[in-house]
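Q: I'd like a close look at one part of this model, please. Could you walk me through the open space in it?

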Amino acid sequence: MKKIKLIGLTVCAILFSLTACKPKGAKSAVTGNAAEKVYVAPGEYDEFYSFTSGGFSGQIAVYGIPSGRLIKVLPVFSQDPETGWGYSEESKPMFNTSYGFVPWGDQHHLSLSQTNGELDGRWLFANENNTPRVARLDLTTFTTAEIIEIPNSAGNHSSPFITDNTEYVVAGTRFSVPFEDEDGDIPISSYGENFSGAITFIKVDPESGRMAIDFQMKTPPVNYDLSHTGKGPSSGWFFFSTYNTEKAYTLLEVNASQRDKDFILAVNWKKAAELAASGKGRKVKANYAHNVYDADTHTATSTMMDEVLVLDIDELVEAGVVYYMPCPKSPHGADVDPTGKYIVGSGKLASLIPVFSFEKMIKAIEDENYEGHFDGIPVLNYDAVLHGEVQKPGLGPLHTEFDNDGNAYTSFFVSSEVVKWNVETLEVIDRQPTYYSTGHLTVAGGDTSKPYGKYLVAWNKISKDRYLPTGPELGQSAQLFDISGDKMELLLDFPLVGEPHYAQMIAADKIMDTQKRIYDINANSSPYVTKSEEDTKIVRNGNRVDIYMTLIRTHITPDNIEGIQLGDEVYFHVTNLEQDWDLPHGFAVMGNNNAELLVLPGQTRTLKWIPNKVGIIPFYCTDFCSALHQEMQGYVRVSPKGSNVPLRYGTGDNAPSME
Ligand code: RUQ
Ligand code: CUA
């Protein structure tokens, strides 16, 4: 016990003192023409979109690179009052889970869809860490199209990583927990016997992008941290970093930092998929939500699923699907170089970076060159699978990305720097300080078979003194480097919304011309659509009142409504009749215990309102849509329950008072 404590203290002391060390000389690191390189003149476009995770904001931010300008925040896992995401009736089902309505998420990693290992600009996948879920966004509308919950998991961190043709999205659990079909009401100290890890394989429909859980692998109880798919020669494999092979369940900072090496789990996913398809495995009870947003009905539906196919570890071992590669000290990133020949593991507490050779791994598997077994899974001999180690790269390596010239770039949290090294020779070529404590880094296209190179962004966890101070809470920060030369050149700092984890960049010209500009009102098949002002109506059914409204510059139809009573449940079904780009209208009702609606051209959105005061309640358009935006407003008269004020409504000549 004493010894454990001591080790713990040392580890903490090192981490602590080193987070506090801050590089000097930021200004001198910026050379004369940096400004020119990041200046995107008014009216011009950035070269890249950067999709950046929002961490505990639950959303995704889109920045232009190289300018660092924030272009948009995309609502995904958290309710967003600005757009009504999660507040409108149509979008609420997207937040459904086996735990009920969950209005917030923790969003860490992103994967842009790929074809042949290159970004194809169709979809963006995003994980949710806290209540395990994976989302798919449609990149023609930049909106969340689908969210699937991951059962038998807890902390969906090692996710969403995709195969090189987007056949599968994987989700590895951070916490091991008892499976749902097992008794979970057990002592935590029975971790070793009763807890399991899970890796989930979600199949992606190649046409629609629709996700469906194909199978899960039930594994020993370790923590999965990150992953990457193989490519080229290693296509067909996945590599998952694992920590806590100590199987600790308390004070992990000490107890999960005992072993010299944890593992990278190599998974032959093609073989696993064949096993699942061939009828192997067993169906297990598991509840999870599958939420789909329909772009024509403008409505989300949530379906509860109740079963999942599970492959157990013995059948996976027998079929040669899973092997462990020992990896020093609690590996975080597991990154595959563009050639697909090398796998880089980054041990958070290691003082070197091991680079594994895929070819050697296959040889070691063929030779059964094992160091032993861990819970039945063969552990390959470290030296047999090692390409080599990068010596003294820095402290606290986390993540590695690549350019197209054989170089790797690794982020260092503790020593606060990015380090460039050669993948073949393992020599360190350059290092640049970052401000401060970089988590992920992104090279443009840097996890694909064909990186663009050119730019690197360090996503920093701490901004400290980089911007004007804002009280106790300071935002996070990014730093842009030009990596086109031998030496990395710092160009720009920019502050971020949310907390950055991973981000991916795609060339702007890949997706800027595929953008949808409006929703075709004729294709709107919402059950609550109103396609012209003549069709507006109010339908009372007991205490439920459905108001079918339209918005167009610059009036609301109807804008005078009488006959609403206390005790009513009112639904405003609002259709935006505009068919012009960039012409949303908003809709808000005074005192509503809800947010506004943002209704895009051709779209229908529903706002629920339970009036709770007798009197006149105004409503108006919230989005400045034209010169007469301030005129875009109306009134509801709310009467006591059982009042004999008749239901009357209209706008202008049709207004009740004009009758
Ligand atoms: S993590 S800062 Cu959640 Cu991707 Cu490494
Ligand atoms: Cu419509 Cu302002």
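By class, how many nonpolar, polar and charged residues does the lining of the largest pocket have?

A: Happy to! The lining has 20 nonpolar, 11 polar and 12 charged residues (Ala, Val, Leu, Ile, Met, Phe, Trp, Tyr, Cys and Pro count as nonpolar, Asp, Glu, Lys and Arg as charged, the others, Gly among them, as polar). This is a predicted model, where local features need pLDDT of at least 70 and side-chain atom pairs pLDDT 80 or more, while totals for chains, interfaces and linings use all residues. Residues are numbered from 1 along each chain as written, chains are lettered from A and ligands numbered from 1 in written order, and side-chain values use heavy atoms, without hydrogens or water.

The largest pocket has a volume of about 1500 Å³ (an open set of points on a 1 Å grid over the protein atoms alone, with protein on both sides within 12 Å along at least five of seven lines; lining residues have an atom within 4 Å of a point). Of its 43 lining residues, Lys72, Thr141, Phe142, Gln515 and Trp581 lie nearest the centre. Strand 1 (48-53), strand 3 (69-74) and strand 9 (143-149) each give two or more residues to this lining (strands are DSSP runs of E, at least two residues). Strand 3 gives the most, with five residues.

Among the residues lining the largest cavity are Phe161, His228, Asp335, Glu401 and Tyr502. By class, that lining has four nonpolar, six polar and two charged residues.

Technical notes. On a 1 Å grid over the protein atoms alone, a cavity is a set of points where a 1.4 Å probe fits but cannot get out, and a pocket is an open set with protein on both sides within 12 Å along at least five of seven lines; lining residues have an atom within 4 Å of a point. Grid points are joined across faces, edges and corners, and a volume is the space filled by probe spheres set on the points. Helices (H or I, at least four residues) and strands (E, at least two) are DSSP runs, numbered from the N terminus.
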